[in-house]
Amino acid sequence: MESPFVSTDWLAAHLSDPNLVVLDGSWHMPNAARNAQAEYLAGHIPGAVFFDIDGVADTTTNLPHMLPPPNDFARMVGALGISETMTIVIYDELGLFSAPRVWWTFRTMGAGDVRILSGGGPKWRAERRATETGLVTRPRQVFHTDFDPDRVATFEIVRDRSQDGAAQIADARPAPRFHAEVPEPRAGLRGGHIPNSVNLPVSLLTEAGQMKSPGELSQLFADRGIDLSKPLITSCGSGITAATLALAAELAGAEQVAVYDGSWAEWGSRKDAEVET
């Protein structure tokens, strides 16, 4: 896999490119007491557009930030001034947390050149690079989607693969949540994990806000008994860090990776879903 990351030096040199769009894809856990959009307005990379993970989503479900239908996605991101032919560079203000979810979303919807800023906003700021305040708007564009269903796993797919073992399931949540030793941050969810899933906490994949090397990632998957030559489904609390885990798997050489979009927000709320602790 070609590296999806670009450096702060690269981005600084290309900020004025007419075919480049920079997206602040910051998102925070419900219990983090942080407002990503307010922080964006207070200061962001020059020219960056705020990508609202909760807003560019399926509004017909009560599950958080589910992928919208392709036509709705095209309309919403077109209004943000994004087309599928642009170079899309995404960052977040935790280094590497929610940006991979936005990366996965655009890749799933057919964008050809989607990148993540290595080190994200924290690295950009630590290097004392320029920022600006306020809302950035861009001229409307037309985004032509080419939806890839193989990158998305539904509840039914995950339930079947959990039972038949035709794909491995990896969960990016912290171990105490995976084992139901602490409550979930979202009310109304049972504790535990999908039967026959493996825990690989997302915190093990990064160091100082940047993804570890492909070799280190490959070893992490191997240590958990995950065979990257076989199909893999990634899950987490609500589909955010599952995308980081999917990105790590692809960097480590996996070729068949799908994200369980509903993740534990769906599985843990369904009475017909079997749970292990």
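How many bridges join strand E1 to E5, and in which sense do they run? Strand E1 (residues 5–6) is joined to E5 by 2 bridges, and they run parallel. Helices (H or I, at least four residues) and strands (E, at least two) are DSSP runs, numbered from the N terminus, and two strands pair if DSSP finds at least two bridges between them. The structure is a predicted model, in which local features need pLDDT of at least 70 and side-chain atom pairs count only at pLDDT 80 or more, while totals for chains, interfaces and linings use all residues. Residues are numbered from 1 along each chain as its sequence is written, and side-chain values use heavy atoms, with hydrogens and water left out.

Of the 5 residues of strand E5 (residues 113–117), 4 are buried, so the strand is largely enclosed by the rest of the structure. Buried means under 20% relative accessible area, exposed over 50%, and partly exposed in between (1.4 Å probe, protein chains only).

Aromatic rings were examined next. Rings of Phe, Tyr and Trp (its six-membered ring) pair if their centres lie within 6.5 Å; planes under 30 degrees apart count as stacked, over 60 as edge-to-face and the rest as tilted. By this rule the count comes to 8 aromatic pairs. The ring centres of Tyr40 and Phe50 are 5.4 Å apart and the planes stand at 40°, so this pair is tilted. Because Tyr40 lies in helix H2 (residues 36–42) and Phe50 in strand E3 (residues 49–50), the pair ties together parts that are 10 residues apart in sequence. Both Tyr40 and Phe50 are buried. Phe155 and Trp267 form another tilted pair, with 5.0 Å from centre to centre and 45° between the planes. This pair links distant parts of the chain, with Phe155 in helix H6 and Trp267 in helix H10 (residues 263–267), 112 residues apart. Phe155 is buried at a relative accessible area of 1%, and Trp267 is buried at 2%. Ring pairs also link Phe51, Phe73, Phe106 and Phe143 into a cluster.

A charge sits over a ring if NZ of Lys or CZ of Arg is within 6 Å of the ring centre and within 35 degrees of the ring normal. The charged end of Arg129 sits over the ring of Trp124, 5.5 Å from its centre, and that of Arg173 sits over the ring of Trp264, 4.5 Å from its centre.

Backbone angles were also considered. His65, which is not a glycine, has a positive phi of about 35°. His65 is found in the loop between E3 and helix H3 (70–79) and is buried, with a relative accessible area of 4%. Ala180 likewise has a positive phi, near 60°, and lies in the loop between helix H7 (175–178) and strand E8 (198–199). At 32% relative accessibility, Ala180 counts as partly exposed.
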